[in-house]
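Please keep the sequence and the structure in view while reading.

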Amino acid sequence: MPAYDTRLPLSRRGFLLVSTGAAAALALAPAPAHAGARRPFGRFGSPAARLTPKTLYVDPKGRGDHTTVKDAVTAATGSGWTLVLAPGTYRETVAVDATRTDATWIGASEEPRDVVIVYDNAAGTPKPGGGTYGTTGSATTTVQADGFTARWITFANDWLRADHPDITGTQAVAIKVQGDRSAFHHCRFLGHQDTLYADSIALASFARQYFSHCYAEGDVDFVFGRATAVYENCHFRTLNRTDLAAAPYGFVFAPSTAGANPRGYLVTRSRVSSEAPDAFYKLARPWVPSSDTTARPSLVVRDTWLGPGIDAAAPYTNMSDAFPWQNQRFAEYRDTGPGARITVPENRPQLTAEQAESATRAAYLGDWKPWQGEC
């Protein structure tokens, strides 16, 4: 596979130009009419030719074991289940609790644009029983179990600020991942604020996560959390905004790494592009949450192309002045592109060659090697 998809993904903003209504505001074109018409589960079997006793088939058109992902997850009790998802849009919220370990979800067409799990809750959305969802509760998909793997799936949250001017809690999570050994290959994560929540199940838990050949888009802190996460050969795209008159429009990364964790986020051999004006985005800001004021956010971006959307002179900023970014663990190494130009050296901390030897996927993930085998 190439280092990243060189085709320009159709963002939700772009899709809105040719669609009407928030319900249609997904960052993807409809699946081709022929997609899955004859073999909705591709090369991955079917209910009549089940690959393993622990394989379930999901199809919104009723050709599988279940029509919703949620029902399939409910049926898949225990460990080691595989869900094969036929092309379609699954408008639902889904939660994989900690007991459902070593699960695998596969987009049957092997094209993530074809298989979409999406909903539209935000942090400030009122709950039916009172109160609001909050950031965690806004997630379309939540994965707490260890050993989760997903391939060729789009995880999305299509809540839009413009449709809800009365709501101030605008965080809208596409997926929250908390389990250790969580791997995503050729997946897409679509949203605006807080799109991809790469986290852990508890403050003292250092969950390891791996994202390979994935695409994530958003505006404010759209890749965030306290996991030990490696993003390899990924494409991050910052969205344009019409609701703000000046920079910054947002921030790509907002790690909240525990102080006791020696490693946080590693971005390697990836790409950051933008549909916003040049220099209107920061690369990162540290998140020190009220639940863990001893956090020391950690981010290394290496061997990555940073486009002109990143403010090269001041790529980092504070989320809170009480926790300045200079006191955290931010560094770069051998980055390229207009957003990586070092014009103010004190604003661009760099790893030495010796330090970079420890900034690798193997060092971050230890004995777990999710890049081996089929990716």
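## Nonpolar cores

Which residues have the most contacts inside the largest nonpolar core? They are W105, F184, Y231 and F236, in a core of 66 residues, where a nonpolar core is a set of buried Ala, Val, Leu, Ile, Met, Phe, Trp, Tyr and Cys residues joined through side-chain atoms within 4.5 Å. A second, separate core has 14 residues, including A183, L351, A356 and W368. Buried stands for under 20% relative accessible area, exposed for over 50%, and partly exposed for what lies in between, with a 1.4 Å probe and protein chains only. In soluble globular proteins, nonpolar side chains tend to be buried together.

## Basis of the values

The model is predicted, so that local features need pLDDT of at least 70 and side-chain atom pairs count only at pLDDT 80 or more, whereas totals for chains, interfaces and linings use all residues. Residues are numbered from 1 along each chain as its sequence is written, and side-chain values use heavy atoms, with hydrogens and water left out.

## The sheet of ten strands

Ten strands form an open sheet with parallel pairing, in the order β1-β2-β5-β8-β11-β14-β17-β20-β23-β25. Strands here are DSSP runs (E, at least two residues), numbered from the N terminus, and two of them pair if DSSP finds at least two bridges between them. At the edges stand β1 (55-58) and β25 (329-333), each with a single partner strand, so one side of each is left without a neighbour in the sheet. On average, neighbouring strands of this sheet are turned by 10° against each other, direction ignored, the axes being lines fitted to C-alpha atoms and angles running from 0 to 180 degrees between N-to-C directions.

Within this order, β8 (residues 149-151) and β11 (residues 182-185) pair in the parallel sense over three bridges. The bridge partner of T149 in β11 is A183, a residue that is also listed in the second core.

Strands β6 (residues 115-119) and β9 (residues 154-157) are joined in the parallel sense over four bridges, and Y119 stands opposite N157 in β9.

## Cysteines

A search of the whole structure finds zero disulfides, a disulfide being a pair of cysteine sulfur atoms within 2.5 Å. The sulfur of C214 has its closest cysteine sulfur in C234, at 4.8 Å, which is too far for a bond. C214 counts as buried at 5% relative accessibility, and C234 is buried with a relative accessible area of 1%.
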